[in-house]
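Please read them with the structure open.

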Amino acid sequence: MKHVGNCFCGAVTVEVTGAPEAMGYCHCRSCRSWSGGPVNAFSLWKPEAVRITEGAQNVETFAKTPLSQRKFCRKCGGHLMTNHPPLGLVDVFTATIPTLAFTPGVHVNYAETVLPMRDGLPKLKDFPAEFGGSGEMMQE
C-alpha cells in the first residue's frame with residue numbers, strides 16, 4: 001500500500017509505502033511545541049519506506065537534539081516528518097498523509113501530558129525499553 005501527502009502549501013510531496021512500524025500519540029514537550037498542539041499523533045516508518053517525491057529542494061531540517069531531525073517546507077513552514085537516526089525510524093505526521101487510517105496503539109511520554117486521554121490505550125511514562133526508555137506504564 002502507498003500513501004501520498006503534502007506539506008501545507010503543496011510544494012513538497014511525501015510518499016510512504018507499506019505499513020507503519022507503529023502509530024500512537026506523543027505527549028513530550030518537544031513534540032507539543034513543534035506540532036503546536038497538546039499532543040502529537042505519530043506514525044513511525046522504516047527510512048526506506050519514506051520518500052520525498054516532489055519539492056525536495058524546499059525541505060529544510062532543524063535538529064534540536066541528535067535524537068530528532070525535524071523536516072519542514074521552507075515555503076510554507078508545513079511540518080513533514082522527523083527522522084530519528086538512533087531509532088532507525090522516521091515519524092511522518094499523520095495529518096501529512098490523509099489516506100493513512102490512523103490506528104494508534106500507544107501513548108509515549110505520558111508523564112508530560114497536558115491533555116489526559118482516557119482511551120484505554122497503553123500509556124508509557126517515557127519510551128518503550130527497546131527505544132531506550134524505562135518501559136514503565138502509567139495509569140489513565
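Predicted model: local features only at pLDDT ≥ 70, side-chain atom pairs only at ≥ 80, totals over all residues.

1. The unreviewed UniProt entry annotates residues 3–130 as "domain: CENP-V/GFA".

2. The largest nonpolar core has 17 residues. Val12, Trp45, Val50, Leu80, Met81 and Val92 are the members that touch the most others. Strand S2 (13–17), strand S8 (79–84) and strand S9 (89–92) are the elements that give two or more residues to this core. A second, separate core has 9 residues, including Cys26, Cys31, Leu89 and Val108.

3. Beyond its neighbours within four places in sequence, Val12 is in contact with Gly5, Asn6 and Cys7 on one side of the sequence, and with residues including Ile52, Glu54, Gly55, Asn58 and Val59. Cys73 and Leu80 are also among the contacts of Val12.

4. The largest pocket holds about 410 Å³ of space. Of its 22 lining residues, Cys26, His84, Leu87, Asn109 and Phe127 are the closest to the centre. By class, the lining has 13 nonpolar, 6 polar and 3 charged residues.

5. Which element gives the largest share of the lining of the largest pocket? Strand S4 (40–45) does, with 3 residues. Other elements that supply at least two lining residues include strand S3 (22–26), helix H1 (29–35) and strand S10 (106–108). Strand S6 (59–65) and strand S7 (68–73) also supply at least two each.

6. Glu21 lies in the loop between S2 and S3. Glu21 counts as partly exposed because its relative accessibility is 45%, and exposed would require over 50%. Leaving out residues up to four places away in sequence, Glu21 touches Leu44, Trp45, Lys46 and Leu89. Glu21 and Lys46 are 25 residues apart along the chain, yet their C-alpha atoms are separated by 7.2 Å. Of the residues Glu21 touches, Trp45 belongs to the largest core and Leu89 to the second one.

7. Is Phe8 buried or exposed? Phe8 counts as exposed because its relative accessibility is 78%, and the cut-off is over 50%. Phe8 is in the loop between strand S1 (2–6) and S2. Not counting residues up to four places away in sequence, Phe8 touches Cys76 and Gly78. The C-alpha atoms of Phe8 and Phe72, 64 residues apart along the chain, are separated by 9.7 Å.

Note on methods: Residues numbered from 1 in each chain as written. Heavy atoms only, no water. UniProt positions renumbered as here; feature names shortened; annotations may be inferred. Core = buried A, V, L, I, M, F, W, Y, C linked by side-chain atoms within 4.5 Å. Buried < 20%, exposed > 50% of the residue type's maximum accessible area, 1.4 Å probe, protein only. Helix = DSSP H or I, 4+ residues; strand = E, 2+ residues; numbered from the N terminus. Contact = heavy atoms within 4.5 Å. 1 Å grid on protein atoms, 1.4 Å probe; cavity = no way out; pocket = protein on both sides within 12 Å on 5 of 7 lines; lining within 4 Å. Points joined across faces, edges and corners; volume = space filled by probe spheres on them. Nonpolar A, V, L, I, M, F, W, Y, C, P; charged D, E, K, R; others polar.
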